[in-house]
Amino acid sequence: MKLTTILLRKGYATIKLKKINTNHFELKATLNGIKGRFILDTGASNSCIDIVLADKFKLQVEDSDTKAAGAGAIGMDTKISSQNHIQMKDWKYSNFNVVLFDLTHVNTALTEHNANAVDGIIGADILERGKAIIDYNGKCLYLKKLVFKF
């Protein structure tokens with residue numbers, strides 16, 4: 001039996017991944033009803049959006065004391081947005097918090113390798129919440145669909 005079949009029976013959603021020139025995986029997601037392009041980063045503790053895209057994704061932004069670090073940059077100021085909704089294919093997550101900071105260094109690295117700039121990063125917060133399984137060979141991300149109790 002194929003991995004896809006087993007995981008679909010167990011309630012997982014299948015999200016296609018595209019390998020880009022930097023060897024990152026890129027995926028499409030909808031944040032607050034707005035489509036965007038993201039890289040998958042298992043080493044990022046939180047999912048992030050480029051701060052200049054706050055209006056595009058209809059984010060209500062608040063100041064944060066947390067400093068961001070990664071990809072060669074440290075001590076970057078961040079903001080946070082709560083009460084968001086993210087969707088990847090038929091996987092949905094409401095009351096989602098997203099961190100905002102300047103992703104210029106990330107997008108510069110991508111474009112220097114002839115890859116397109118991204119709107120943000122899908123990090124460990126989503127991967128843990130969705131009990132993620134990454135099929136590197138099949139270029140798919142599997143996330144367990146969330147059940148909401150009312």
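A: We may begin with accessibility. A residue counts as buried under 20% relative accessible area, as exposed over 50%, and as partly exposed in between. Please keep in mind that the model is predicted.

Q: Is K145 buried, partly exposed or exposed?

A: Because its relative accessibility is 37%, K145 counts as partly exposed. K145 lies in the segment after β11 (140-144). The residue K144 is found in strand β11 itself, and at 29% relative accessibility K144 is likewise partly exposed.

Q: How many salt bridges does the structure hold?

A: A salt bridge requires a side-chain nitrogen of Lys or Arg within 4 Å of a carboxyl oxygen of Asp or Glu. The structure holds 4 of them. One joins K145 to D90, with 3.0 Å between the closest N and O atoms. This pair links distant parts of the chain, since D90 belongs to the loop between β7 and β8 (91-101), 55 residues from K145. D90 is partly exposed, its relative accessible area being 40%.

Q: With which residue does K79 form a salt bridge?

A: The partner of K79 is D63, and the closest N and O atoms are 2.4 Å apart. Here two strands are linked: K79 is in β7 and D63 is in β6, 16 residues apart. With a relative accessible area of 27%, K79 is partly exposed, whereas D63, at 64%, is exposed.

Q: Where in the chain do D119 and K56 lie?

A: D119 lies in the loop between α2 (104-112) and β9 (120-122), while K56 lies in the loop between β5 (48-50) and β6 (61-70). The two residues are 63 residues apart, and the pair links distant parts of the chain. They form a salt bridge whose closest N and O atoms are 3.5 Å apart. D119 counts as buried because its relative accessibility is 12%; K56, with a relative accessible area of 38%, is partly exposed.

Q: Which side chain of opposite charge is nearest to D135?

A: For D135, the nearest side chain of opposite charge is that of K2, 8.8 Å away. D135 is buried and has no salt bridge. The side chain of D135 does, however, reach the backbone nitrogen of G138 at 2.8 Å. D135 itself is found in strand β10 (residues 133-135).

Q: How does one find empty space in a model?

A: Rolling a probe the size of a water molecule over the atoms shows where empty space is left. In this structure, the second largest pocket holds about 240 Å³ of space.

Q: Which residues lie nearest the centre of the second largest pocket?

A: K16, L27, K28, A29 and K89 lie nearest its centre, among 15 residues that line the pocket. The elements that contribute two or more residues to this lining are β1 (12-16), β3 (25-31), β4 (34-40) and β7 (73-88). The largest share, 5 residues, comes from β3.

Q: How many residues of that lining are nonpolar, polar and charged?

A: The lining of the second largest pocket divides into 5 nonpolar, 3 polar and 7 charged residues.

Definitions and conventions. Residues numbered from 1 in each chain as written. Predicted model: local features only at pLDDT ≥ 70, side-chain atom pairs only at ≥ 80, totals over all residues. Heavy atoms only, no water. 1 Å grid on protein atoms, 1.4 Å probe; cavity = no way out; pocket = protein on both sides within 12 Å on 5 of 7 lines; lining within 4 Å. Points joined across faces, edges and corners; volume = space filled by probe spheres on them. Helix = DSSP H or I, 4+ residues; strand = E, 2+ residues; numbered from the N terminus. Nonpolar A, V, L, I, M, F, W, Y, C, P; charged D, E, K, R; others polar. Buried < 20%, exposed > 50% of the residue type's maximum accessible area, 1.4 Å probe, protein only. Lys, Arg positive; Asp, Glu negative; His and termini not counted. Polar contact = N/O pair within 3.5 Å; in protein donor to acceptor, adjacent residues only side chain to side chain.
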